[in-house]
Amino acid sequence: MEVMPKWADVVLIPLFSLLIAFALSALVIIGIGEDPIAAVKMMVSGAVGSTYGWGYTLYYATNFIFTGLAVAVAFHARMFNIGGEGQAALGGLGVALVCLSVDWPHWAIALPVAVAGAAVFGALWAALPAYLQAKRGSHIVITTIMFNFIGAALLNYLLVNVMRPAGSMDPATGKFPPGTFLPTLHDILATIGIPFSKAAPANVSFLIAVAACVLVWLLIWRTRLGYAIRAYGHSESAAVYAGISPTRIIMIAMLISGALAGMMAINNVMGEAERLVLNSVEGAGFIGIAVALMGRSHPFGVFLAAILFGFLYQGGAELALFTDIPRELIVVIQALVILFTGALDNMVRMPLEKLFLALRKRDA
């Protein structure tokens, strides 16, 4: 019997972890001589107080949904995929090759092919670490970290020496053809009469990310493959006894994880920059780890956690722009959230478990 009900594990622990992180962040803000209440108001106003703010919040959240789902799928197979940064970067290469190879007549035709290109390149970049884990016992954490650096070096070489337009000094590809430009949320919502900021970069990729959440939920909890992945993650020996192949599960889970990370490029490469630039991922692969931890590796939890980190990114940018609070402080707040939802999870969990255990004994 579980000591604590499922809803408490999913809701109360992340909530209390957030409150502790924000309380400590408030003390830091006070320590530098600023008003924490005014800072919170500024963050809320800048991130969700207008359609412009919502547009950026959802843009960042879209990146984090994809990388968070990537980490979550690997988590269910008892693997820690820290290679989302490299897989998303190589997904961008797949998107760029698709978009630049053909003069696409319409985005609706280019988008499915670009999604496939991003997923394939991301999955391929995750395949070798997966193979080394399955066949050689190489730890997935070490190999995926190494592949982040290898991917960055490869992309740097390609952008500087191969894909950079003649005469350009910028390590980036040329602009994608107009037929690949994705509709923004402004364009989508305008069709049903809802006003939305035209300047915000949020685009149709957000809807793809939401669909990915649903598909991952169906995969993990409504298919035989998902059951096998979870069974292997809970107990390798029991899974082997039941006839589940560890090699097959490791390879499939990591391929799916890499594909999801690679699909992030639809948002930032195809949807926002409309070309492939160096360092386009900007740390979203690592933020996906925190998103998966906070979301308890459940797609709905990942969605909510991604919105929260999108709020922190956009709200933090507003703070840095309009107050004397340094941008680095937002990194501190994010670090505190990650610390309490990940490394110090038991600091919140254990008191709550004791509380629920005491309540259960009292009722008995």
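Predicted model: local features only at pLDDT ≥ 70, side-chain atom pairs only at ≥ 80, totals over all residues.
How do the axes of helix 3 and helix 11 cross, and within what distance do they come?

1. In it, the axes of helix 3 and helix 11 (residues 246-262) come within 7 Å and cross at roughly 175°. Angles over 145 degrees count as roughly antiparallel, and helix 3 and helix 11 are therefore roughly antiparallel to each other.

2. Which residues make this contact? From helix 3 come Phe 66, Leu 69, Ala 70, Val 71, Val 73 and Ala 74. Helix 11 supplies Ala 253, Met 254, Ile 256, Ser 257, Leu 260 and Ala 261. Sorted by type, the residues of the contact are 11 nonpolar, one polar and no charged.

3. The largest nonpolar core has 109 residues. The members that touch the most other members are Phe 64, Val 95, Ile 266, Met 270 and Phe 309. Helix 3 (residues 51-76) gives the largest share of this core, with 13 residues. There is also a second, separate core of seven residues, with Ala 8, Leu 12, Ile 13 and Leu 352 among them.

4. Phe 309 shows how one core member is surrounded. With neighbours within four places in sequence left aside, Phe 309 is in contact with Phe 64, Ile 287, Ala 290, Val 291, Met 294, Gln 334, Val 337 and Ile 338. Phe 64, in that list, is itself named with Phe 309 among the core residues that touch the most other members.

5. Is Asn 63 buried or exposed? Asn 63 lies in helix 3. Its relative accessible area is 5%, and the limit for buried is under 20%, so Asn 63 is buried. The side chain of Asn 63 makes a polar contact with the side chain of Asn 267, at 2.8 Å. Beyond four places in sequence, Asn 63 is in contact with Met 264, Asn 267, Asn 268 and Ala 284.

6. Ser 25 is another buried residue, with a relative accessible area of 4%. Ser 25 belongs to helix 1 (residues 6-31). At 2.8 Å, the side chain of Ser 25 reaches the backbone oxygen of Ala 21. Once neighbours within four places in sequence are set aside, the contacts of Ser 25 are with Ile 333 and Leu 336.

7. Where does Asn 279 lie? It is in the loop between helix 12 (265-273) and helix 13 (284-294). Asn 279 has a phi near 60°, which is positive in a residue other than glycine. The relative accessible area of Asn 279 is 62%; exposed begins over 50%, so Asn 279 is exposed.

8. Glu 282 is also found in the loop between helix 12 and helix 13. The phi of Glu 282 is positive, about 55°, although Glu 282 is not a glycine. With 61% relative accessibility, Glu 282 counts as exposed.

9. Leu 293 has its place in helix 13. A relative accessible area of 28% makes Leu 293 partly exposed. Between Leu 293 and Ala 199 there are 94 residues of separation in sequence and 32 Å in space, taken from C-alpha to C-alpha.

Note on methods:
Residues numbered from 1 in each chain as written. Heavy atoms only, no water. Core = buried A, V, L, I, M, F, W, Y, C linked by side-chain atoms within 4.5 Å. Buried < 20%, exposed > 50% of the residue type's maximum accessible area, 1.4 Å probe, protein only. Helix = DSSP H or I, 4+ residues; strand = E, 2+ residues; numbered from the N terminus. Contact = heavy atoms within 4.5 Å. Axes fitted to C-alpha atoms, helices over the stretch in contact; angles between N-to-C directions. Parallel < 35°, antiparallel > 145°, perpendicular 65-115°, else oblique. Nonpolar A, V, L, I, M, F, W, Y, C, P; charged D, E, K, R; others polar. Polar contact = N/O pair within 3.5 Å; in protein donor to acceptor, adjacent residues only side chain to side chain.
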